[in-house]
Amino acid sequence: MNIHEYQAKELFARFGVPVPAGCDATKEADFGPALEKLPEGAIVVKSQIHAGGRGKGTFTDGFKGGVKLAKTREEAVEYGRRMLGNTLVTHQTGPEGRKVQTIYFCEASDIEKEYYLAIVMDRATSRPVIIASTEGGVDIEKVAEESPEKITRAVIDPTLGLRPYQARNIAFGLGFRGEQVKQTVKLLDGLYRLFWEKDASLVEVNPLITTPAGDVLALDAKVGFDDNALFRHPDIVAYRDLNEEDPKEIEASKASLNYIALDGNIACMVNGAGLAMATMDIIKHYGGSPANFLDVGGGANAEQVTQAFNIILKDENVKGILVNIFGGIMKCDVIATGILEAAKAVHLDRPLVVRLEGTNVEEGKKLLEQSDLKIVSADTLADAARKIVELVSDK
Amino acid sequence: MSILVNKDTRLLVQGITGKAGSFHAQQCLEYGTNIVAGVTPGRGGERFEDKVPVFDTVATAVRETGANASVIFVPPAFAGDSILEAIDAGIELVVCITEGIPVRDMAEVKVKLEQSRTRLIGPNCPGIITPGQCKIGIMPGYIHKPGKVGVVSRSGTLTYEAVWQLTERGYGQSTCIGIGGDPISGTTHTDAIRLFNEDPDTEAMILIGEIGGTAEEEAAAYIKEHVKKPVAAFIAGTTAPPGRRMGHAGAIVSGGSGTAEAKIEAMNDAGIEVAETPSHMAEALLRVYKG
C-alpha cells in the first residue's frame, strides 16, 4: 500500500525525522487556515497523488507543474486553486492522469545540496538495506549504473537493528562532518524505526537536503507498506486513499480476488498467480491482448467466480473471456457448475472459452457442452488461447 | 530417485486441526505420506483421524515421534513463529504452505535459518512431492508419476501444468518442488537445481520462473557453470506491467530489473531450452531430453 507525501511526512515527524513545516488541505476554504500554520516566507504548493514526477507533470487543462514555488500567500492560494480537482499527468500516471484531491503547502527550504536516501527490503540478502547517494533529486537506478562510487550502502541484520556505526558510515559516505553527522545518525535511526515498526517495504527521501545553516532535512518523503502486514497497523490502513485505486480492483479485493486491470480486450480468469500471468503471456503470444490479471485462488467457489465475471464484464474494452482452471483439489465438474451458474447470473453476452484440466475433467467438459450457453471448450492452454484470440478478432 | 523427501520421511503437520491443515493432512495420508505427528497448541493428547498423535509443541512432537520434516498450515500472522519453532526443534526440512506472511517476519526467520541446519521450502508454496513416495503440500497427487525429471517452480498451478504435460507424455518426475512466490524464501531455484544435479536419478529438469528479483538469472549462471543434464525453462510475466504486484508478493518488475526478457536472455545464454508458451514446457524439455 502506498500513501501520500503529506502522510509520509506526518509519520516522519512522529519518528523524529526533521521535515519542513507543512499543512494539507482538501478544499479551498481550508487553504487560508492551512497557510496560517506555516512560518513566514515562500511556500511550496504540492499536488498530492500516488505518482512520481509531479513537478514536471502537466494538468489536463494545460496548467504546467504539479509542484509550484509561491513567493506570497496569495500566490500559494492561486496555485492551490488551479491544482485542486484538476487532473495531473506525469510519466508515472499514464495518459489518463490522476485527480488531485489534496494540496500540501510547505515552508520553502533553502537548499545547499541535495542527496538521496532510502531503506528497502533487499531480496538478494533478505535484509533491510540503506542506500544513500550524494546525487539527490535524480533517478537512483541511473546513479547506480553510471557512478556507483557515489552510493553508500548498509545491510541491516534485522535481529540487531540499525547499529550506530552503520548510521555513521552512511553519514560519512555522504561527505558530512561534525554536527551534520550527528543529525544524520538521529535521522537514520528514526527512518529505520519507522521502516521496521510499521512494516514498510520502502522508505525513500529524495531529496534529502542540507541547508546553508548546516541542517539536514527530508524535503520529500515516499513510504510504501507490506500489504501482508497491514493487519497489525490500523493507523497505516487509515491512510489508505481509495481515490488512488482502480474501482474494479477495490471491488475485487473485497471479494478476495487478485485483480489488476490492463488495457487489452481479452479478459482472463485463472486459478493461481503464476498460471494467471502465464495465461496473459500466451494470449499475447497468439496475437491477442490481455485485459486483466485475475487470480481466483486455489479454493474459488461459484460465488467468487460470479463476482469475478461481474468485475471482468464491467470493463467495456473486454470483447471475450478466457477461463483457465487447473483443478487439483477443486474438482473440474464443480468448477464447471460454478461457471455455468455465473454465466447465467451475469447474462454473459461475450464469447467465452473455457479450458479445464485436472480432477474430473471429463465430467466438467460434459456439463459445459450440455448447457445452452455458447461456451467454447478447449483442451490445452495453447488451444484455449488460439480460440479466444480468433473469436475476438472475428467480432 | 528423489531429493529431500522419500518414503522414509517422517512428517509432522503444524496446524493439523485447522481447516486447511486437516484437509491437506488427510490428502497427504491418502497419498501414502508417513505423517507421524501433528501440532496444535492446546490440543495436545488428541488424535487426528484416530491415529496421528497431536502435541502442544513441536519440540515434544519431535522427541516423541522422531519427526524429521514439518509442514506448516498456520495463518499468516503466526506462521513466522511456527517456522522458528520448527527450526528450534532441529527439524531438517520445513515446508511452509502459508500465503501472506509479513516480509518483516520472514526477514527475522531468514537470519535464524542461516544459523541452523534446517532447510525451509516456501513460504507461499504448494510444497514438495516425490511421486509414489511422499507428498508434502497441497498439490493434487494423481497428476504425478514416478520418474526422472526434476521440476522446480515459484508457482503452484503452473507447476501442475508442467507436471501434467510430462505425465501425459509418459515422463515421470523424480521430485517436484514449489519454492513459493514470496520475496524472501528458504530455498531458491539454484538450491533446487544443485540438488537435482547431484541426484543420480534425476536425468533432466524443468525450471519455472517468473518476473521479479534475480533468482532465475542466478540459477541460469549456476546451470551454465555446473549442470550437464538437460534443462528446460519457462518464465511467466512477459506481459506484466512494471511496478505492479502480480498476485505473488515477489512478482513485480521494479526499476527495469526483474523483467521476463532479462531472465529469458539469461536462460538462452546458459544453453537452457526455453519454452515459448506455458503450453510447451514438456515439449521444450523433450527437444533436449529423450529419456
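How many helices and strands does the secondary structure of chain A come to? Chain A has 13 helices and 19 strands, where helices (H or I, at least four residues) and strands (E, at least two) are DSSP runs numbered from the N terminus.

This is a predicted model, in which local features need pLDDT of at least 70, side-chain atom pairs count only at pLDDT 80 or more, and totals for chains, interfaces and linings use all residues. Residues are numbered from 1 along each chain as its sequence is written, chains are lettered from A and ligands numbered from 1 in the order in which they are written, and side-chain values use heavy atoms, with hydrogens and water left out.

**Chain A**

The C-alpha trace of chain A spans about 80 × 50 × 40 Å along its principal axes. Of its 395 residues, 55% count as buried (under 20% relative accessible area; exposed is over 50%, partly exposed in between; 1.4 Å probe, protein chains only). Among contacts in chain A (heavy atoms within 4.5 Å) with a separation of 6 or more, 68% are between residues 24 or more positions apart.

Helix α6 of chain A (residues 179-197) holds A:Val185. A:Val185 counts as partly exposed because its relative accessibility is 23%. Leaving aside neighbours within four places in sequence, A:Val185 is in contact with A:Ala167 and A:Arg168.

**Strand β1 of chain B**

Strand β1 (residues 11-14) of chain B is covered on both faces: B:Leu11 and B:Val13 are buried on one side, B:Leu12 and B:Gln14 on the other. In a regular strand the side chains alternate between the two faces of the sheet. The pairings of β1(B) are tabulated below; two strands pair if DSSP finds at least two bridges between them.

| Partner strand | Sense | Bridges | Residue pair |
|---|---|---|---|
| β5(B), residues 69-72 | parallel | four | B:Gln14 and B:Ile72 |
| β2(B), residues 35-39 | parallel | four | B:Leu12 and B:Ala37 |

**Nonpolar cores**

A nonpolar core is a set of buried Ala, Val, Leu, Ile, Met, Phe, Trp, Tyr and Cys residues joined through side-chain atoms within 4.5 Å. The largest has 98 residues, and B:Val95 and B:Ile136 have the most contacts inside it. Helix α9 (residues 273-285) of chain A gives the largest share of this core, eight residues. A second, separate core has 67 residues, including A:Ile130, B:Ala37, B:Val94 and B:Leu120.

Not counting residues up to four places away in sequence, B:Val95 touches B:Ser70, B:Val71, B:Ile72, B:Ile121, B:Cys125, B:Gly127, B:Ile128 and B:Ile136.
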